Amino acid sequence: MKTAGLREFAKENDLTSCRTYVFGYYKNYLIQVSEAYGAKIIRLTVNDISDEKKQTLTDSLKNKENEIGFTDSIVELNQIIVSISETFRASKKEKIQKVVDFLVEFALEKNLKTPKGCIKCKNENINTSAYNLDRAVHFYCDFCETKVKDELSEIKREYYRQEKYYAKGLLGALLYSLPVILSWVILEVYLERVASLNAMLAGFLSVKGYQKFGGVLGPYTKWILIAVNILIVFASVTASIFYLLVDSGASLAKAFDAIENNAEVISIYRQSLRLGFGMSIIVWIYLLFLYNSMIKFSKLKKVKTL
Ligand SMILES: [Zn+2]
């Protein structure tokens, strides 16, 4: 959602409005102002900036930060990006206007222009459409749109290919969480239900082990860790029941038989599994919804205007 200051700024300068940002041509420069968490991000699209020039531009921008009132600046290949921090209140349109005007002046002075046509192939006489890539608006021709999409899928495929890192992570997750089986058996003997808290401990340790062994953070990570958790809980509960049976004098064969046929033992076994997996749910929710949200792949999307 856009704040009033940004909406007014867009209206006054006849910019195109999207859900969380506005963009358009202003004094022949393509500008974009986006809402971010506690900040406005202003982007100015320019022709390719060489690496040496990037540093000079960054330094000159840094010197102007306090005077003009922006907080951070980054110079990329085709963009100059600055942010206005909004700790206590949203920026008014005058403030946004001041920073945008400064940026346009700055670009003019440094002889930077917004290229016409497609930003990738540099063809000026070609139809282009606006796309959003990593929160920035770019104009691409149809051909380059396909090309960029292919490049992005290749990055994703390359990431998915790192299977050996999954194996390493799996090994780490197992090694770190296996000792939980022992602690579960001990707790089951003395504290019974408290033992199921070990399900959470196992979850925590498997994540630690996964990372320590260099497991990759990918689309399969959460499933590997959930599988390890299920395995540990299952093994722990089974080991505990066995231990209790053998401890009370049953032979291994008798213990096997009791787990399969003795109604009372089966009922205790099931209850322990329920308790264990009940605690595991917290671990699974974390893995399913939080842990995996840490990986993000860039996507190219057609700009949707309001
Ligand atoms: Zn192109």
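How many residues lie between β5 and β6 in their hairpin? Three residues separate β5 from β6 there. Helices (H or I, at least four residues) and strands (E, at least two) are DSSP runs, numbered from the N terminus. Residues are numbered from 1 along each chain as its sequence is written. The model is predicted: local features need pLDDT of at least 70, side-chain atom pairs count only at pLDDT 80 or more, and totals for chains, interfaces and linings use all residues.

Start with the domains. The assignment, which is automatic or from a database, gives domain 1 (4-115) and domain 2 (163-294). Their centres, taken over C-alpha atoms, are 52 Å apart.

Six strands form an open sheet in the order β1-β2-β3-β4-β6-β5, with antiparallel pairing. β1 (16-17) and β5 are the edges; each has a single partner strand, so one side of each lacks a neighbour in the sheet. Two strands count as paired if DSSP finds at least two bridges between them.

Follow the pairs. β1 is joined to β2 (residues 21-26) by two bridges, in the antiparallel sense. There, Thr16 stands opposite Phe23 in β2. Further along, β4 (residues 39-45) pairs with β6 (residues 79-85) over seven bridges, again antiparallel. Ile42 faces Val82 of β6. Val75 has Ile80 of β6 as its bridge partner.

A helix lies on this part of the sheet. Helix α2 (residues 51-68) lies across β5 and β6 and runs at about 165° to β5. Axes here are lines fitted to C-alpha atoms, for helices over the stretch in contact, and angles run from 0 to 180 degrees between N-to-C directions. Contact means that the C-beta atoms of two residues, placed from the backbone, lie within 7 Å.

Next, helix against helix. Two packed helices are described by the angle between their axes and the distance between the axes. Helix α1 (residues 4-12) packs on helix α3 (residues 93-109) at about 55°, with the axes 8 Å apart. The two are therefore oblique to each other. Angles under 35 degrees count as roughly parallel, over 145 as roughly antiparallel, 65 to 115 as roughly perpendicular and the rest as oblique. From α1, Gly5, Leu6, Glu8, Phe9 and Glu12 make the contact; from α3, Lys93, Ile96 and Gln97 do. By class, that is three nonpolar, two polar and three charged residues. Here Ala, Val, Leu, Ile, Met, Phe, Trp, Tyr, Cys and Pro count as nonpolar, Asp, Glu, Lys and Arg as charged, and the others, Gly among them, as polar.

Helices α6 (residues 179-191) and α7 (residues 198-212) give another pair. Their axes come within 10 Å and cross at roughly 165°. α6 and α7 are therefore roughly antiparallel. Val180, Ser183, Trp184 and Leu187 of α6 meet Asn198, Leu201, Ala202 and Leu205 of α7. This contact has six nonpolar, two polar and no charged residues.

One more sheet remains. Three strands form an open sheet in the order β8-β7-β9, with antiparallel pairing. β8 (136-140) and β9 (300-302) are its edge strands, each pairing on one side only. The twist averages 40° from one strand to the next. Five bridges link β7 (residues 129-133) to β8. Among the residues involved, Tyr131 has His138 of β8 as its bridge partner. Helix α4 (residues 142-160) lies across β7, β8 and β9, at about 145° to β9.
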